[in-house]
Amino acid sequence: MSDDFLDFGEIEVKPKYRERYKGVSGEKHRISIVYPKPDENGKQGGPFVMRSTHYSDKYFFCKEGICCEKLGPAKNRLACIVVQYKTKKDGSLIKKEGEAIPFDYEVKEWVFTDTKFNQLKALHNEWNLKDHDILVTLKGTEQYQDLEFVPCRESIWQLKPEFKEAIYKESEPMRKNLTNALGQDLSTDEIKELLGLDVAQAGEVIAGEEDLNDILAEV
Ligand SMILES: [Zn+2]
């Protein structure tokens, strides 16, 4: 066989960043937090992933070392998957008459920090957000994503098994890469490089007493 020369039709380039959920000025959204699909035994995990992160040109995971020394304490970022129903500006659903899934929707990643998590947690304690959609309005500018949440009576995507299956079909593959939405997992050297610090040449530096002991033990 010849080398891997591919034609247009054989290559599918996926966009690097999926569209994430965001509150939009002047719009009322209806969303729902999607928990993982239960396994054969009915066991179901929680919906969130969380990482301790820093920001310097991009988000990356804290390694509790030079990153904190140079950038200050790390901040938690969380992500989950949501269904965003297509709605009119007042938050009411756009119905698709006569179709198997009678509403239009998108499955998206949603990334936020501690503050919003605590806001959701307070709501969850009263309303169990596993079983209730949420109406979202944006206060202020889109940049700050200061959101107001109001629980709905039901969760539309969970009303029928066929709706659930349609959502799981999209959400489950996305779940495997969800931590990527929180930042990059850089090595210590990569962090140093990002922060413009000298990266030790291999073999040049003995990092600590442990390394020294290792070497002496080999003599
Ligand atoms: Zn750190």
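1. A term to start with: a residue counts as buried if 20 or more other C-beta atoms lie within 10 Å of its own, as exposed if 12 or fewer do, and as partly exposed in between, with C-beta atoms placed from the backbone. Helices (H or I, at least four residues) and strands (E, at least two) are DSSP runs, numbered from the N terminus. The model is predicted: local features need pLDDT of at least 70, side-chain atom pairs count only at pLDDT 80 or more, and totals for chains, interfaces and linings use all residues. Residues are numbered from 1 along each chain as its sequence is written.

2. The overall picture. The chain has five helices and seven strands, and from the N terminus its elements run β-β-β-α-β-β-α-β-β-α-α-α. Of its 219 residues, 16% are buried. Taking contacts (C-beta atoms, placed from the backbone, within 7 Å) between residues at least 6 apart in sequence, 65% join residues at least 24 apart.

3. Helix H2. This helix covers residues 114-127, 14 residues in total, and spans 19 Å from its first C-alpha to its last, close to the expected 20 Å; the expected span is 1.5 Å times one less than the number of residues. The number of buried residues among the 14 of H2 is zero, so the helix lies largely in the open. After H2 comes Asn 128, with a positive phi near 50°.

4. Tyr 55 stands opposite Tyr 59 in S3. One residue lies between the two strands of this hairpin, and Asp 57 in the turn has a positive phi of about 70°.

5. Two loop residues worth a look. Most residues other than glycine have a negative phi. Glu 64 is not a glycine, yet its phi is positive, about 50°. Glu 64 sits in the loop between S3 and helix H1 (66-71), and it is exposed, with 9 other C-beta atoms within 10 Å.

6. The second of these. Gln 145, also a residue other than glycine, has a positive phi near 50°. Its place is the loop between strand S6 (134-139) and strand S7 (146-151). Is Gln 145 buried or partly exposed? With 18 other C-beta atoms within 10 Å, Gln 145 is partly exposed.

Note on methods
Pairing = 2+ DSSP bridges. Contact = placed C-beta atoms within 7 Å.
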